[in-house]
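This briefing is intended for a reader who is meeting the structure for the first time. Please keep the sequence and the model at hand while reading the points that follow.

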Amino acid sequence: GRLLAAQSQAPARSASQVQVRRAGGGPPLWSQELANGNGGLFFSPDGRYVAAVGCCARGSTVAEWNARTGARVFQRRLADHATAIGFSPDSNTLGIGTASGQLRFWNARTGRPRAASLHAATSGIGSVSFSPDGSLVAVGAYDRTSTLWDVRTHRQVGDTFPEQPGAAPVALFEPNGRLLINYDSDAAQWSTTVQAWERFACQAAGRDLTRAEWGAILPDRPYVRVCPAPRYRSLRSARASAAP
């Protein structure tokens, strides 16, 4: 909370300017030029680095600097325009979204590939956000889709989230693990844990699955009661056990 990073681009210039200042004011601690425009920037979660993307004047460039000194950590130019970036929670991986819908995973200290890329959208990616535990990554794209991906397996988790006409969603994980999808004019918040969906299903249904329903849906799994007993039933049982 002590530093402020800003990226600006003069109307007549193709490059952008990245500056870091003290949040309390004063002159910049450092300033660096980034080729190919103004595409967004982020501090690493540990506060030690600043990464920025320059897009899309004749290409794109991704660069990273030491947040306090401005010393460059790496800089790479991409033929497939980089359109969005996001740090993993341990600050070691940088997710790179591209204009072709690819999501790349780079080593945040070297700028080299850390894992194979995955095809996350049919058009440019506008936002990349890792879950607080680093196991999931959310992608918002200009084809109006918001999707969730398993970082280890590169498989999509669940269905594509609901779309809104004319809105390019921005999908961002909150510190509590919930996913916030911003549709410009409004937003939706989603839980991403099995336990949260179990609680929602139990509240909506008001009961467990019957054994017949369980057998039809999950024939290869032993029957388990998932939902807690209704509150009135628990109170009645408590009263019965307390009676003389």
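Strand β13 is joined to strand β14 (residues 146–150) by five bridges, and the two run antiparallel. The model described here is a predicted one. The points below are grouped by topic, beginning with the surroundings of β13.

- Between β13 and β14, which form a hairpin, there are four residues, and R144 in the turn has a positive phi of about 75 degrees.
- L148 in β14 is the bridge partner of A138.
- Strand β12 (residues 125–130) is likewise joined to β13 by five bridges, and this pairing is antiparallel.
- A138 in β13 stands opposite S129.
- The hairpin of β12 and β13 has five residues between the strands, and G134 in its turn takes a positive phi of about 80 degrees.
- Six of the six residues of strand β13 (residues 136–141) are buried, which means that the strand is mostly covered.
- L136, A138 and G140 point one way from β13, while V137, V139 and A141 point the other way, and all are buried.

- Strand β9 (residues 93–98) is largely enclosed by the rest of the structure, because six of its six residues are buried.
- T93, G95 and G97 lie on one side of β9 and L94, I96 and T98 on the other; all are buried, and both faces of the strand are covered.
- Strand β8 (residues 82–87) pairs with β9 over five bridges in the antiparallel sense.
- The bridge partner of A82 is T98 in β9.
- Five residues lie between the strands in the hairpin of β8 and β9, and S91 there takes a positive phi near 70 degrees.
- β9 is also joined to β10 by five bridges, and these two strands run antiparallel.
- N107 in β10 stands opposite T93.
- β9 and β10 form a hairpin with three residues between them, and G101 in the turn has a positive phi of about 90 degrees.

**The open sheet β4-β5-β6-β7**

- Four strands, in the order β4-β5-β6-β7, form an open sheet with antiparallel pairing.
- β4 (41–43) and β7 are the edge strands, each of which pairs on one side only.
- From one strand to the next, the twist averages 10 degrees.
- Strand β6 (residues 60–66) and β7 run antiparallel and are joined by six bridges.
- L78 in β7 stands opposite S60.
- The loop between β4 and β5 (49–55) contains S44.
- S44 has 3% relative accessibility and therefore counts as buried.
- A polar atom of the S44 side chain lies 3.3 Å from the backbone nitrogen of R48.

**Aromatic rings and the charges over them**

- Seven aromatic pairs are found in a search of the whole structure.
- For the rings of F74 and W106, the centres are 6.1 Å apart and the planes stand at 65 degrees; the pair is edge-to-face because this angle is over 60 degrees.
- F74 lies in strand β7 (residues 72–78) and W106 in strand β10 (residues 102–107), so the pair ties together parts that are 32 residues apart in sequence.
- F74 has 6% relative accessibility and so counts as buried.
- W106, at 2% relative accessibility, also counts as buried.
- The charged end of R76 sits over the ring of W106, at 4.4 Å from its centre.
- R109 lies over the face of Y49, and the distance to the ring centre is 3.9 Å.
- One aromatic cluster is formed by F161, W190, W197 and F200.

**Helix α1**

- Helix α1 (residues 194–205) has 12 residues and should span 16 Å at 1.5 Å a residue; its end C-alpha atoms are 16 Å apart, which agrees.

**Strand β1**

- Q7 is placed in strand β1 (residues 3–8).
- Q7 has 13% relative accessibility and therefore counts as buried.
- The side chains of Q7 and S16 make a polar contact at 3.0 Å.

Notes. Residues are numbered from 1 along each chain as its sequence is written. Side-chain values use heavy atoms; hydrogens and water are left out. The expected span of a helix is 1.5 Å times one less than its number of residues. Rings of Phe, Tyr and Trp (its six-membered ring) pair if their centres lie within 6.5 Å; planes under 30 degrees apart count as stacked, over 60 as edge-to-face and the rest as tilted. Buried means under 20% relative accessible area, exposed over 50%, partly exposed in between (1.4 Å probe, protein chains only). A charge sits over a ring if NZ of Lys or CZ of Arg is within 6 Å of the ring centre and within 35 degrees of the ring normal. Two strands pair if DSSP finds at least two bridges between them. Axes are lines fitted to C-alpha atoms, for helices over the stretch in contact, and angles run from 0 to 180 degrees between N-to-C directions. A polar contact is a pair of N or O atoms within 3.5 Å; within protein, one must be able to donate a hydrogen and the other to accept it, and residues adjacent in sequence count only if both atoms are side-chain atoms.
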